[in-house]
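Hello,

Here is the structure I promised to pass on to you.

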Amino acid sequence: MAIFKDKHYLRVKLDKETDESLWMQCKSCGELVFKRRVRENNNICPYCGEYFFLTARERIESLIDEGSFTDISKPIMAADPLLFQDTKPYPQRIEDAQEKTGLADAIIIGSVVISEIAVIIGVMDFRFIGGSMGSVMGEQICHGMEEAIRNQCPFILVSSSGGARIQEGILSLMQMAKTSVVRAQLAEQRLPFISVMTYPTTAGVQASIASLGDVIIAEKGAMIGFAGRRVIRGTIAEELPPNYQTDSFALEHGSIDRVANREHLREELSNVLRFFVRQ
Ligand SMILES: [Zn+2]
């Protein structure tokens, strides 16, 4: 149940960094790194190769032909029909996330060009309530696919999500079905859908739209699965393989098609797009 708020809709307003510190410490190797150097390196640690999170904006910029992005997200924001409250009321949680990220919700839909091929892209942002899929994200993904149908072009979804947004209860679970239905319309039109799974692609998102790509590419280091390791181990009372829910495990078991390093992701997408789209 997304509500339309044309006037008050928050366009992406934070193009600037809010964090003013120039240095950061890599959580993997412990080195102090100049932030700009990390940013220029696709948010990869120049010392040990650790991947840091990319914001949705950074991810988009890393994949597209320069300057080709137009934000076509719908002007909608989440409602709070369940009057949900955990440690804070849901509307407050939304507002805090908007303040922190400059986004209206956890996904941006854009019209972009990749290697001279026009594409509609949806990119999730994990900073916004764990990239969770509520009614807004579900509607935005459907909107993106409908735009792809309207423009007769491919659709790309880059996932980074902890799953359904529990604060919206059943309404968030319904998004799994809703996005799958529109995805089928994309297939009827014989338009390609490329799903990119990044760290983490889990639960309701992994169990629905992210796993429905014609081609599914995982970024190296992606965590791919439904419930967490501890929950599964506790439920089935069995030890899990050490690489369980990793990119390599998903590849070996056929739930994804490719694994790509972050620096090669754009090239991978270009190759797949060129395969599908005759120019
Ligand atoms: Zn490092």
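**Zinc site and a pocket**

Along the chain, the donors of the zinc ion are spaced as C-x2-C-x15-C-x2-C. Please keep in mind that this is a predicted model.

The residues behind that pattern are Cys26, Cys29, Cys45 and Cys48, each coordinating the zinc ion through SG, at 2.3 to 2.4 Å. The arrangement is tetrahedral because the four donor atoms subtend angles of 106 to 113° around the zinc ion, and the criterion asks for all angles to lie between 85 and 135 degrees. For reference, the ideal angle for four tetrahedral donors is 109.5 degrees.

I also looked at accessibility for two of these cysteines. Cys45 has 2% relative accessibility, so it counts as buried, the cut-off being under 20%. Cys48 has a relative accessible area of 37% and is therefore partly exposed.

The other thing to show you is the second largest pocket, with a volume of about 340 Å³. Its lining is made up of 23 residues, and those nearest the centre of the pocket are Tyr51, Phe52, Phe53, Tyr199 and Arg262. Strands E7 (117-124), E8 (155-161) and E9 (193-202) are the elements that give two or more residues to this lining; E8 provides the largest share, with three residues. Sorted by class, the lining has 10 nonpolar, seven charged and six polar residues.

Best wishes

Technical notes
Residues numbered from 1 in each chain as written. Predicted model: local features only at pLDDT ≥ 70, side-chain atom pairs only at ≥ 80, totals over all residues. Heavy atoms only, no water. Donors = N, O, S within 2.8 Å, 3.2 Å for Na, K, Ca; no water. Tetrahedral: all angles 85-135°; square planar, octahedral: opposite > 155°, others 65-115°. Buried < 20%, exposed > 50% of the residue type's maximum accessible area, 1.4 Å probe, protein only. 1 Å grid on protein atoms, 1.4 Å probe; cavity = no way out; pocket = protein on both sides within 12 Å on 5 of 7 lines; lining within 4 Å. Points joined across faces, edges and corners; volume = space filled by probe spheres on them. Helix = DSSP H or I, 4+ residues; strand = E, 2+ residues; numbered from the N terminus. Nonpolar A, V, L, I, M, F, W, Y, C, P; charged D, E, K, R; others polar.
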